[in-house]
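Please read the points below with the model open. They are set out in numbered order.

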Amino acid sequence: RIIDLAKEKERILAQIQNQILISQSLSARIKNKDFLKKAPKEVVDKERLRLKGLETKIEELKKAIRELK
């Protein structure tokens, strides 16, 4: 199967942008003092894990872009 490298790169870049937007939103929520005060500890911990997962995914996608070159 032949892959169009330009289209694949474009697809991955779009994924990176999407993951970054979600990550920024989640990061802002985690930094929000009201959220930290009101949310149960389990929810805060879950959101922190989710953010860490997003950051890992972003790095994996960036690596994929570098490997396409």
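Predicted model: local features only at pLDDT ≥ 70, side-chain atom pairs only at ≥ 80, totals over all residues.

Does Lys31 count as buried or exposed, and at what relative accessibility?

1. Lys31 counts as exposed, because its relative accessibility is 65%; buried means under 20% relative accessible area, exposed means over 50%, and partly exposed is what lies in between, with a 1.4 Å probe and protein chains only. Lys31 belongs to helix H1.

2. Residues are numbered from 1 along each chain as its sequence is written, and side-chain values use heavy atoms, with hydrogens and water left out.

3. The secondary structure of the protein chain consists of three helices and zero strands, in the order α-α-α along the sequence. Helices (H or I, at least four residues) and strands (E, at least two) are DSSP runs, numbered from the N terminus.

4. Along the principal axes, the C-alpha atoms fill a box of roughly 50 × 15 × 15 Å. Of the 69 residues in the protein chain, 23% are buried.

5. Helix H1 (residues 5–31) and helix H3 (residues 41–68) have axes that come within 9 Å and cross at roughly 160°. Axes are lines fitted to C-alpha atoms, for helices over the stretch in contact, and angles run from 0 to 180 degrees between N-to-C directions. H1 and H3 are therefore roughly antiparallel to each other; angles over 145 degrees count as roughly antiparallel, under 35 as roughly parallel, 65 to 115 as roughly perpendicular and the rest as oblique.

6. The crossing of H1 and H3 is left-handed, a term used if the near helix is turned anticlockwise from the far one by less than a right angle, with right-handed for clockwise. The residues of the contact of H1 with H3 comprise 15 nonpolar, four polar and nine charged. Here Ala, Val, Leu, Ile, Met, Phe, Trp, Tyr, Cys and Pro count as nonpolar, Asp, Glu, Lys and Arg as charged, and the others, Gly among them, as polar.

7. Contact means heavy atoms within 4.5 Å. Among contacts in the protein chain with a separation of 6 or more, 71% come from residues 24 or more positions apart.

8. Gln19 is in helix H1 and counts as buried because its relative accessibility is 17%. Neighbours within four places in sequence aside, Gln19 is in contact with Leu54, Lys57, Ile58 and Leu61. Ser23 is also placed in helix H1, and at 11% relative accessibility Ser23 counts as buried. Residues up to four places away not counted, Ser23 touches Leu51, Leu54, Glu55 and Ile58.

9. Leu54 lies in helix H3 and counts as buried at 10% relative accessibility. With residues up to four places away in sequence not counted, Leu54 touches Gln19, Ile22, Ser23 and Leu26. Leu54 and Ser25 are 11 Å apart, C-alpha to C-alpha, and 29 residues apart in sequence.
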